[in-house]
Every structure is written in structure tokens, then in C-alpha cells.
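Q: I have a model open and would like to learn how to read it. Can we go through it feature by feature?

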Amino acid sequence: MKICMEKREIKAMIQYLYEIPSMVRMLRKEKEMLEGEYSSLGHHNAYTSSHSHSNSTPTETMVIHLDDKGVLRRINEISVRVQVCEDDEAAIRRCMDEMSSQYKKLLYLRYHNKYSWVKISIKFGVPDSTVRNWHDKAVKSLVNAFLDIPMAEEILDRAMRASK
């Protein structure tokens with residue numbers, strides 16, 4: 001499958017790669033908090049809810065209440081989102097691995113550290129025009145590798161949503 005990528009899409013995909021670890025950390029923190037509600041179920045013996053049944057234990061009643069709040073659904077949703085993020089990161093990194101270390105470093109400085117062209121050229125000790133030329137080649141290499149991976153369009157769509 002071939003899709004045409006615009007500059008803004010390429011930029012969004014690279015930024016998405018570098019934002020995924022913080023997104024995963026936030027999702028895991030939320031999941032941990034929600035799971036904390038579940039782990040404390042045994043400590044809510046006096047809890048009652050509108051779903052009380054004569055045969056329900058206080059723990060079962062609490063689970064019903066948490067499920068009504070969508071907590072179970074959210075925990076499962078977070079697990080799926082974390083896996084998708086990690087899969088996306090691995091796919092994009094495999095594309096990056098096909099590039100030279102110089103190109104990877106350039107993209108890292110530009111999109112993760114948000115360095116200017118001048119600052120990158122100083123870092124590499126080459127003229128600004130050379131850095132821009134390397135950037136164009138790095139992007140072309142990344143796009144060619146990316147277009148060959150399964151589900152490229154879906155990953156690009158998630159990257160574009162993350163950039164908004």
C-alpha cells in the first residue's frame with residue numbers, strides 16, 4: 001500500500017514517536033490509580049449501593065458500583081491503548097533503525113529537543129545548508145521505510161490525532 005505523506009504528517013509521526021513514552025507513563029499512572037480502587041475493595045465492607053442484592057457481598061456490590069462508573073471498561077481500554085502505543089513506537093523505531101545514526105540524531109535534535117537548524121549545524125560542525133540537506137534525506141528515508149510497514153495509515157492517523 002502506498003500513501004502520500006505531507007511534511008506536517010512526517011513531523012507529526014516523528015513527534016509522536018518521541019511523545020509515546022510520556023503518553024504510556026500517563027496511561028499507566030491512570031490505570032494504577034483505577035486498579036487501586038479495585039485493590040481496596042476488601043476494605044469497604046460497609047459500602048452499599050443502589051444495586052444491593054440480598055445475596056451480594058459488600059465486595060460484589062462495590063464491583064457493581066465501579067463497573068457502573070465505567071472503571072472496569074476504562075482499565076481495559078487503557079491496557080489496549082498502552083499496547084497500541086508500544087506497537088506504534090516499535091514500528092516507527094524499526095523504520096528509524098534503517099537510517100544512519102547521523103540522520104537519527106538529526107531528527108532527534110530537531111523534533112525531540114526542538115533545536116533550530118543553526119544549533120544543529122553547530123552541533124554537527126557543518127553548514128546550515130548541509131544539515132537541511134541531511135534532514136531532507138533522513139525524512140525521505142524514513143518515509144520510504146514507513147510506507148512499507150503494516151498498518152502505516154493507522155499509525156499515521158494516530159500520530160496526526162496526537163499532534164492536535
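Q: How many residues does helix 3 have, and what span is expected for it?
A: This is a predicted model. Helix 3 covers residues 71-97, which is 27 residues. Its first and last C-alpha atoms are 38 Å apart, close to the 39 Å expected at 1.5 Å a residue.

Q: Which residues in helix 3 are buried?
A: The buried residues include Val 71, Ile 78, Asp 88, Glu 89 and Ile 92. Two cysteines, Cys 85 and Cys 95, are also on that list.

Q: Why does Cys 85 count as buried?
A: The cut-off for buried is under 20% relative accessible area. Cys 85 is at 6% and therefore counts as buried. Cys 95, with 1%, is buried too.

Q: Is Asp 148 buried or exposed?
A: Exposed means over 50%, so Asp 148, at 59% relative accessibility, is exposed. Asp 148 sits in the loop between helix 6 (128-147) and helix 7 (152-162). Its C-alpha lies 9.1 Å from that of Cys 95, although the two are 53 residues apart along the chain.

Q: Which residues touch the most other members of the largest nonpolar core?
A: In soluble globular proteins, nonpolar side chains tend to be buried together. Here the largest nonpolar core has 45 residues, and those touching the most other members are Met 5, Ile 92, Met 96, Leu 107, Leu 142 and Phe 146. Helix 1 gives the most to this core, 11 residues.

Q: What is Met 5 in contact with, beyond its neighbours within four places in sequence?
A: Met 5 contacts Ile 10, Met 13, Val 143, Phe 146, Leu 147 and Leu 156.

Terms used:
Residues numbered from 1 in each chain as written. Predicted model: local features only at pLDDT ≥ 70, side-chain atom pairs only at ≥ 80, totals over all residues. Heavy atoms only, no water. Helix = DSSP H or I, 4+ residues; strand = E, 2+ residues; numbered from the N terminus. Expected span 1.5 Å × (residues − 1). Buried < 20%, exposed > 50% of the residue type's maximum accessible area, 1.4 Å probe, protein only. Core = buried A, V, L, I, M, F, W, Y, C linked by side-chain atoms within 4.5 Å. Contact = heavy atoms within 4.5 Å.
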